[in-house]
Amino acid sequence: MGTPEFPDLGKHCSVGDCKLNDFLPFTCDRCQKVFCLQHRRYGTHQCPNANDEDITVLKCPLCAKGVRLVPNQDPNITWDVHVNTDCDPSNYQRATEKKKCPVPGCREPLTISNKIQCRDCIQDHCLKHRFGPDHKCPGPKKPDSGFPFIGLLKRNQTVQPNSGSSSGGSSWWSSSLINAASSVRASAESGIQRLSTTTNQALCKAKDGMSQSSSGGGPEQCPQCPSKFSSVTALIEHVEKSHNKGGQQQRVTVDVCPKCSRAFQDPVLLVEHVEKDHTGTSKA
């Protein structure tokens with residue numbers, strides 16, 4: 001059946017009674033033999049390796065689960081093992097029951113291509129009842145009832161006068177809105193007042209702490225010399241500048257004038273100062 005261009009075109013069927021020279025033969029993926037179109041299936045040519053990779057699955061009528069048949073094993077044995085170990089009859093209704101449209105009187109099954117979720121009530125409906133008026137949609141979800149504005153309106157609705165006039169209804173709504181606005185404003189003012197009180201208390205405590213730390217019962221005195229300072233910052237700067245040279249503290253001896261309490265590091269300068277400024281006497 002070959003041609004000069006394709007000499008190997010076409011092969012004979014491997015079935016003994018057929019031997020048909022097929023133009024486009026089929027090679028079995030189990031036994032690797034060549035067959036014609038009529039004998040290409042496993043059952044038609046009785047393939048001996050057909051069950052090696054068999055994935056036949058049967059649906060259990062009790063639990064609606066799939067039971068895979070084991071190759072080269074009796075199906076009855078496989079069935080008995082499933083019934084005694086894995087079968088759950090309560091799963092049958094959940095697996096087989098299809099979700100239907102919730103509209104009364106409509107029993108249309110909802111599938112992947114036959115359902116639309118409403119944006120307001122968040123429910124699935126069929127295409128026929130996809131619009132809000134068709135399935136009597138209650139509308140979007142109401143705001144939280146914990147908000148004081150909504151709670152006040154609900155309380156006022158219970159005492160709403162049952163009058164048919166439009167003027168009575170409008171006046172009731174006006175009074176309800178005014179009351180709700182007053183309640184919200186009062187709650188906001190009380191919150192601001194509490195915040196202001198808390199802030200003032202914190203500022204007072206901070207000022208008291210600063211005053212106590214700054215006063216300390218009197219001016220700050222240097223622990224190494226008789227010098228006194230009005231603030232702790234000035235005292236620290238004095239100690240670092242005068243008594244802390246090269247990273248090591250140095251104790252400096254200071255002599256104080258008995259007349260004017262002026263400090264001198266050199267006793268000679270103290271004597272000269274007393275003789276010059278205090279009429280030449282060094283006694284107090």
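Is Cys-106 buried or exposed? In this predicted model, Cys-106 is buried, its relative accessible area being 10%.

No disulfides are found anywhere in the structure; the search returns zero. A disulfide is a covalent bond between the sulfur atoms of two cysteines. Cys-106 takes part in no such bond, and the nearest cysteine sulfur, which belongs to Cys-126, lies 3.8 Å away.

Cys-28 is buried, with a relative accessibility of 4%. Beyond its neighbours within four places in sequence, Cys-28 is in contact with Lys-33, Phe-35, Tyr-42, His-45 and Cys-47. Cys-28 also belongs to the largest nonpolar core, a set of eight residues. In soluble globular proteins, nonpolar side chains tend to be buried together.

Three salt bridges are found in the whole structure. Side chains of opposite charge can pair when their charged atoms come close. One of the salt bridges joins the side chains of Asp-29 and Arg-30, with a distance of 3.0 Å from N to O. Asp-29 is partly exposed, at a relative accessible area of 47%.

A further salt bridge is formed by Asp-86 and Lys-65, whose closest N and O atoms are 3.7 Å apart. This pair links distant parts of the chain, 21 residues apart. Asp-86 is located in the loop between helix H1 (75-85) and helix H2 (91-96), whereas Lys-65 is located in the loop between strand E5 (57-59) and strand E6 (66-68). Asp-86 is partly exposed, with 42% relative accessibility, and Lys-65 is likewise partly exposed, with 28%.

Lys-99 and Asp-124 also form a salt bridge, in which the closest N and O atoms are separated by 3.3 Å. Lys-99 lies in the loop between H2 and strand E7 (116-117), and Asp-124 lies in strand E8 (residues 124-125), so the pair ties together parts that are 25 residues apart in sequence. Lys-99 is exposed, at 51% relative accessibility, whereas Asp-124 is buried, at 17% relative accessible area.

His-125 is also found in strand E8. The relative accessibility of His-125 is 2%, and the residue counts as buried. A polar atom of the His-125 side chain lies 3.2 Å from the backbone oxygen of Gln-123. With neighbours up to four places away in sequence left aside, His-125 is in contact with Cys-101, Pro-102, Val-103, Leu-110, Asn-114, Lys-115, Ile-116, Cys-118 and His-135.

Val-57 lies in strand E5. When residues up to four places away in sequence are not counted, Val-57 touches Gly-66, Val-67 and Arg-68. For Val-57 and Arg-68, the separation in sequence is 11 residues, and the distance in space is 4.2 Å from C-alpha to C-alpha.

Terms used
Residues are numbered from 1 along each chain as its sequence is written. This is a predicted model: local features need pLDDT of at least 70, side-chain atom pairs count only at pLDDT 80 or more; totals for chains, interfaces and linings use all residues. Side-chain values use heavy atoms; hydrogens and water are left out. A nonpolar core is a set of buried Ala, Val, Leu, Ile, Met, Phe, Trp, Tyr and Cys residues joined through side-chain atoms within 4.5 Å. Buried means under 20% relative accessible area, exposed over 50%, partly exposed in between (1.4 Å probe, protein chains only). Contact means heavy atoms within 4.5 Å. A salt bridge is a side-chain nitrogen of Lys or Arg within 4 Å of a carboxyl oxygen of Asp or Glu. Helices (H or I, at least four residues) and strands (E, at least two) are DSSP runs, numbered from the N terminus. A polar contact is a pair of N or O atoms within 3.5 Å; within protein, one must be able to donate a hydrogen and the other to accept it, and residues adjacent in sequence count only if both atoms are side-chain atoms. A disulfide is a pair of cysteine sulfur atoms within 2.5 Å.
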